[in-house]
Each structure stands twice: as structure tokens, then as C-alpha cells.
Amino acid sequence: MTRARRKLCLIGLDGLRWDVATEPGLAPGLMRLADEGSATPVWMVPPTDSGPGWSSLLTGCSHEQTRVWDNDMINHQLGACPDLLSLVWMRDHHAVTYAAATWRQLLDPHGRGPIVHTRIDQQRNGLHELFWADGELTGCVAADEEVQAAAARVIADRGPDAAFVYFEGVDEAGHRYGSAGAEYRAAITRVDGLLRCLVKAVDERRERHGEDWLIAVVTDHGHKPEGGHGGDEPEVRRSFLVLHCPGATLPALDTLDPTAVTPLLLDLTA
Ligand SMILES: [Zn+2]
């Protein structure tokens, strides 16, 4: 009998400043994961935009390798840079993978990416599933809620071997209001509520099915006080990797390069 592998739920929170998230009471769900697990600083490599950021975080490849330098992603080489979910499937052809997001570049095969490969053959065989909610139609808050509901259902019912779930609301608030005020903080608390729903779904899998799960949380960049990102300011480059895995010894790390995140997550679920 082969040993069941540890399952992975990676949650991406776009545009989240760690120094703001750690303000008392703003993000109790995320802070619980960090307190019980670990939180390692990740320093994003400029340009600190979502295209290059998520490409390097989710593939382990540098900007030079993905050739993603902005959100237009023209002439990208993502086809040669398999994403984390693809890598999970490549090492185990029975692995079930899942991604849910609002941002087109992550998932949409007819958009400018996608960063997460479509893998239509595995989709047909029930080994890969993608859910995309269009924030431009419904607004970001509603789209994030759709993503949460869909992802929590799949985690609870199917327990995929690796899932990536992405929320956009914090980044949207940062662009609209800046990161200095109450609106950005309210968005963090709102998205933290969505994160807690996913953590609850994972907790239930652990209890009911005795499964071993690693929860990881990461962001692609922060925001300037007046809003916006792309440059090399510390508040924009500063990301983090939160790891939560009850019963496991997590590696003690000082700091991480964005390209180290995918290999580390593969290692921890090997
Ligand atoms: Zn942004």
C-alpha cells in the first residue's frame, strides 16, 4: 500500500501588506495559521505586479524564465514553466488538482496567461478542475465570495491533493483607496473571513477522513500608502509565506525568494 501524501491548500491573497495584516484584530484567521505554524518573509523581485509575481510564485521560475514582466504577458514562456498544480500531477498521475480565482491571467486559457495550465486531458478525466469567477461582471467582493463557496465545496466533497485558491479583494481596495486607511483594512478582514471558511473545510477533511493537509498562504506584492505597486519599495516588495500543518515540523527559514515557494511546497507534500 502506498502512503497517502500530504495534501496542499495554497491560498493567494493579492496585494496584502503583511505589516498591515498583523495589526491587532484585522486578520484573526491568517494570524492563527501563522501563530500555530510559521510565517517567513518573501521578498518579491520587481516589477512587483501580479503577472510576474504570481508567475514566479506558482512556477518557481524567474521573470527571465517566464518572460512575464507585466500583466499583459506578451510573449510569455509559461508553457515551458509548469505551475505548482501541474508539477503535483507530473509526480503522481493520480493526483487531483484544483484552482479557483477571479483574475483571468491565472486560469483563463483564452486570456493573456494562463499561469495555471489548463491540462484539458486531466480535466476530462476528473483530475483537474478550474473555477473562474468574473470580478469585472459582479464586482470583486461578490466574485471572491463565489470563489470561496466553490472552493470550500470542492475541498469538503473531494479533498483534492493540491488546491490553489485566489482572492482579489485586498488588492482592489489598495488600488481604490490606498493602503493607509480603513477601507484597505476592512478588505483584509473580509478576505480573512473567506480564508477561515477554507481553513474550516480543510479542518473537516482532517477530522472526517484523517487526511494530512498543509495550508499555505502567500501574496504577490504589497501596496504603497497611496495605493499601487510595481516598484521596489519595501512595503511593496514584502511578501510572506505562512505555513500551517499540525503535527509536522516546519522548516525554520529566515527569508525566501519567490522562486523558492513552489519547490518548498512540493517538498513539504512529498
Ligand atoms: Zn494590483
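A donor, in the sense used for the metal site here, is an N, O or S atom within 2.8 Å of the metal (3.2 Å for Na, K and Ca), and since water is not among the atoms, sites may look incomplete. In sequence, the donor residues of the zinc ion follow the spacing D-x3-H-x53-H. This is a predicted model, in which local features need pLDDT of at least 70 and side-chain atom pairs count only at pLDDT 80 or more, while totals for chains, interfaces and linings use all residues. Residues are numbered from 1 along each chain as its sequence is written, and side-chain values use heavy atoms, with hydrogens and water left out.

## The zinc site

The zinc ion is coordinated by Asp171 (OD), Asp171 (OD), His175 (NE2) and His229 (NE2), at 2.1 to 2.5 Å. The two histidines link distant parts of the chain, for histidine 175 belongs to helix H10 (residues 169-177), whereas histidine 229 sits in the loop between S6 and helix H12 (234-237), 54 residues apart. The helices (H or I, at least four residues) and strands (E, at least two) named here are DSSP runs, numbered from the N terminus.

What is the geometry of the site of the zinc ion, with its four donor atoms? The site is irregular, with angles of 53 to 153° among the four donor atoms.

To describe how enclosed a residue is, buried means under 20% relative accessible area, exposed means over 50%, and partly exposed lies in between (1.4 Å probe, protein chains only). Histidine 229 is buried, with a relative accessible area of 17%, whereas histidine 175 counts as partly exposed at 44% relative accessibility. The buried residues of H10 are Gly169, Val170, Asp171, Ala173 and Gly174, and they pack against helix H9 (140-158), strand S5 (162-167) and helix H11 (182-209). Just after H10, glycine 178 takes a positive phi of about 80°.

## Helix H13 and its surroundings

Six of the eight residues of helix H13 (residues 261-268) are buried, so this helix is largely enclosed by the rest of the structure. The buried residues are Val261, Thr262, Leu264, Leu265, Leu266 and Leu268, and among the elements they pack against are strand S1 (7-13), helix H3 (50-59) and helix H5 (84-91).

H5 and H13 pack at an angle of about 35°, with their axes 10 Å apart; such axes are lines fitted to C-alpha atoms, for helices over the stretch in contact, and angles run from 0 to 180 degrees between N-to-C directions. Contact itself means heavy atoms within 4.5 Å, and by this rule Leu84, Leu87, Val88 and Arg91 in H5 meet Thr262, Leu265 and Leu266 in H13.

Threonine 269 is found in the segment after H13 and counts as buried at 2% relative accessibility. Not counting residues up to four places away in sequence, threonine 269 touches Arg5, Arg6, Lys7, Leu8, Arg91 and Leu214. Threonine 269 and threonine 255 are 14 residues apart in sequence and 20 Å apart in space, C-alpha to C-alpha.

## Two further buried residues

Serine 56 has its place in helix H3 and is buried, with a relative accessible area of 3%. Leaving aside neighbours within four places in sequence, serine 56 is in contact with Met44, Cys61, His63, Pro258 and Thr259. Alanine 34 is found in helix H2 (residues 28-36), and is also buried, with a relative accessible area of 12%. Alanine 34 touches Trp18, Ala39 and Val242, not counting residues up to four places away in sequence.

## Backbone features in the loops

Most residues other than glycine have a negative phi, and most peptide bonds are trans. The table lists backbone features of this model.

| Residues | Feature | Value |
|---|---|---|
| Proline 46 and proline 47 | cis peptide bond | omega about 0° |
| Glycine 113 to proline 114 | cis peptide bond | omega near -5° |
| Asparagine 75 | positive phi | about 65° |
| Arginine 119 | positive phi | about 45° |

Proline 47 lies in the loop between S2 and H3, and proline 114 in the loop between helix H6 (104-107) and helix H7 (120-124). Asparagine 75 is exposed, with a relative accessible area of 64%, whereas arginine 119 is buried, with a relative accessible area of 12%.

Conventions:
Tetrahedral: all angles 85-135°; square planar, octahedral: opposite > 155°, others 65-115°.
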